[in-house]
Amino acid sequence: MKKIKILTIILGIVLVTMVAFLGVYVPVQNRMENKVKDYEYGMDLKGSRNIRLSVDTTNNTTIKDENGNEVTDGENLTDEELQEKGYKKEETPKNLQEVLTEENYKKSKKIIEKRLNDLGVNNYIVSLDETSGDILVEMPENENTDSVISNLGTAGKFQILDSETNEVLMNNEDIKAAKVMYGSDPSGATSGTVVYLDIEFDKEGTNKLKEISSTYVSTNETNNTNTTNTDTSETTSEESTEKQVTMKIDDETIMTTSFDETLETGKLQLTLGAATTDTNTLQGYIKQASNMAVVLDNENMPITYTVSTNEYVLSDVTQDELNLIVYLIAGLVAISLIILIVRYKTQGIVNAFSYVGLASLFVLLLRYTNVVISIESIFGIAIVLILNYIFVNKLLSKLNKEDSKDKGTISIVLKDTYKEFFINIIPICIAVITFCFIGWEPISSFGMVMFWGIALIAIYNISITNLLVRLKEAKGGKSKDGRKQEKNDEKI
Amino acid sequence: MEENKKKMTKKSKIIITIITLIIIAGIIVTLTVGLNFDLSYKDSNRIELYLQKDFNVSDIKQITDEVLQGEEVIIQKVEVYEDTVSIRAKEITDEQKQNLVNKVNEKYGIELSADSIEIESIPNTRGRDIIRPYIVPFIVVTLIVLVYMSARYNKLGMMKVIFKTIIISVVAQALLLSIMAITRLEIGILTIPLVITVYLLTLIGLTAYFEKQLKIKNDK
């Protein structure tokens with residue numbers, strides 16, 4: 001009965017090992033597909049999106065009238081039409097020569113790093129070419145990558161201008177913070193949700209906003225109303241004479257509007273898109289607003305950049321190199337287990353199986369808990385395997401020193417080993433739990449791997465290893481292996 | 001007993017001396033020659049070749065070994081179709097670019113023109129940028145561990161425990177980096193994982209040592 005139980009457990013372990021390391025293949029459309037979930041690889045093992053942000057060398061074109069005032073409606077005019085009207089085209093570089101300094105390049109790099117952090121990018125490498133000012137960014141590839149990239153090079157220049165004179169009324173310097181808010185449709189027309197970009201201004205900005213909102217007020221005076229009644233339609237035309245402000249982000253007009261009331265709170269809420277009940281659309285608006293908030297929340301870039309290279313580059317760690325690491329770890333585990341078997345004979349064999357079972361369950365656990373596998377986490381896997389080896393070795397060593405192998409003694413030995421082992425790794429547990437909460441992928445992946453590993457060591461050994469040890473040592477008295485071991489220990 | 005203690009003290013002294021010498025040598029090497037960063041962190045040149053078909057990295061490696069005379073290179077597949085290769089080396093001259101293109105054309109039966117391929121310069125990644133994300137986590141962990149250690153091993157003397165934990169943790173890291181500096185081992189993707197591993201193993205060692213000391217104290 002005892003042998004059958006041990007054999008059943010060992011067969012179970014063999015099965016789990018096969019699933020973990022070989023997979024479960026089923027035919028799908030004339031090919032075999034592994035049904036076991038694949039690992040999630042990190043940037044260092046999978047690949048990264050490589051972006052080169054180059055200093056923008058293009059020009060801004062402005063059209064000015066005879067008096068040197070900027071003309072806003074001249075963009076669509078041909079050169080001849082411009083000449084007829086006496087307008088002139090002026091080309092000014094987007095980045096003036098005096099801003100292209102090493103100091104500004106470094107500042108831009110810092111702003112990009114901060115934006116990456118605020119946009120939730122959890123692993124990146126930013127390097128700066130101090131001569132050309134080019135900034136290279138390596139970041140993980142995921143569903144947010146494109147959206148992040150679109151916000152990296154933007155200058156983040158915020159302006160509220162008089163729509164007629166183009167006088168700058170407010171800019172980034174007046175912003176205290178920007179965040180995303182959402183709520184129900186204020187008009188009450190739909191049951192949908194509206195996303196707002198909430199811009200909070202500092203003390204000076206609040207005063208400016210108060211003044212602007214009391215100056216640029218909606219005064220929808222109906223100067224002329226023509227009503228035409230026919231059998232089927234009615235047409236009403238209105239003309240407004242109000243003063244308006246234009247809100248621009250990176251020189252692009254976001255809206256031209258006036259204020260219904262004086263804003264005294266120092267907060268400006270811009271609606272993004274229309275009210276919606278669709279989750280995906282809403283998520284899109286939230287993401288767009290969040291990105292905008294991050295850009296506004298940070299300093300604006302002293303230099304305008306353009307994305308000159310944007311490509312996905314695979315890791316230089318090849319599959320062969322990864323396999324080599326796996327074989328190396330497997331080899332070291334095999335040698336360690338042979339030592340265990342030589343030292344503890346049959347008890348060693350049983351525990352070697354148990355150890356392999358833990359390793360197999362561990363890799364399956366990593367696949368299904370979506371832990372990101374990075375170089376750091378491979379080291380984490382190795383440390384977990386070392387820790388489990390220490391535990392098993394300690395347990396067997398203590399067991400062999402005991403005269404009696406009844407259930408009570410085994411329980412005490414197991415309890416002692418547990419206590420001793422886990423007291424010794426409390427600092428590691430502290431480090432691992434802390435690492436899990438760090439928003440930097442290489443370190444959090446290491447923490448997660450170690451966390452699952454230590455949890456598995458605790459649960460697996462108290463169940464499977466414990467059961468195997470009890471079954472093996474079911475009868476009282478010291479085993480032959482144990483006596484031999486004791487003799488060896490005495491010699492030493 | 002006394003003799004054993006004397007032997008231990010003598011052994012400890014020798015070990016401490018060796019460690020000190022290694023660290024001093026490491027500091028000297030770092031200050032004079034600097035650390036040996038691997039190519040992915042160094043100033044380098046890069047070219048991209050559109051091969052129009054799947055390829056083996058080992059075949060490209062053979063070509064780069066011939067043209068760049070065994071110089072360290074990073075070969076990566078580019079984009080989802082993996083039909084473009086990125087070759088990065090410390091320096092790629094126009095002549096080497098021409099040779100690489102010729103060999104690749106010959107190997108894959110394509111007609112790439114060296115003139116249309118640009119040598120891109122890749123700036124170095126600063127060491128401080130590499131370690132920056134790890135500083136806060138390590139400080140936080142160390143502080144929590146120190147609080148735990150001083151509470152758990154209060155009987156051994158709080159200040160003594162804190163001092164030993166800090167010193168041994170720092171020495172272990174300094175020793176690792178000094179060995180890397182002296183042996184000219186490259187600072188690359190394995191360095192940070194190694195640092196974390198050494199840090200955790202140091203913590204295990206320290207706990208085991210303090211536990212032993214505590215047991216001796218309690219037994220007395």
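Predicted model: local features only at pLDDT ≥ 70, side-chain atom pairs only at ≥ 80, totals over all residues.

Residues are numbered from 1 along each chain as its sequence is written, and chains are lettered from A and ligands numbered from 1 in the order in which they are written.

Where the chains meet, 32 residues of chain A are in contact with 36 residues of chain B (C-beta atoms, placed from the backbone, within 7 Å). On the side of chain B that touches chain A, at least two residues each come from β2 (73–78), β4 (120–122), α4 (127–152) and α6 (191–219) of chain B, and α6(B) gives the most, with 10 residues. Helices here are DSSP runs of H or I with at least four residues, and strands are runs of E with at least two, numbered from the N terminus.

Chain A holds an open sheet of 3 strands in the order β11-β12-β17, with antiparallel pairing, where two strands pair if DSSP finds at least two bridges between them. Its edge strands, each pairing on one side only, are β11 (175–184) and β17 (267–276) of chain A. Between β11(A) and β12 (residues 193–201) of chain A there are 9 bridges, and A:Lys179 stands opposite A:Asp198 in β12(A).

Helix α6 (residues 203–215) of chain A packs on this sheet, touching β11, β12 and β17 of chain A. Helix α7 (residues 279–297) of chain A also packs on the sheet, touching β11, β12 and β17 of chain A.

Conventions:
Contact = placed C-beta atoms within 7 Å. Axes fitted to C-alpha atoms, helices over the stretch in contact; angles between N-to-C directions.
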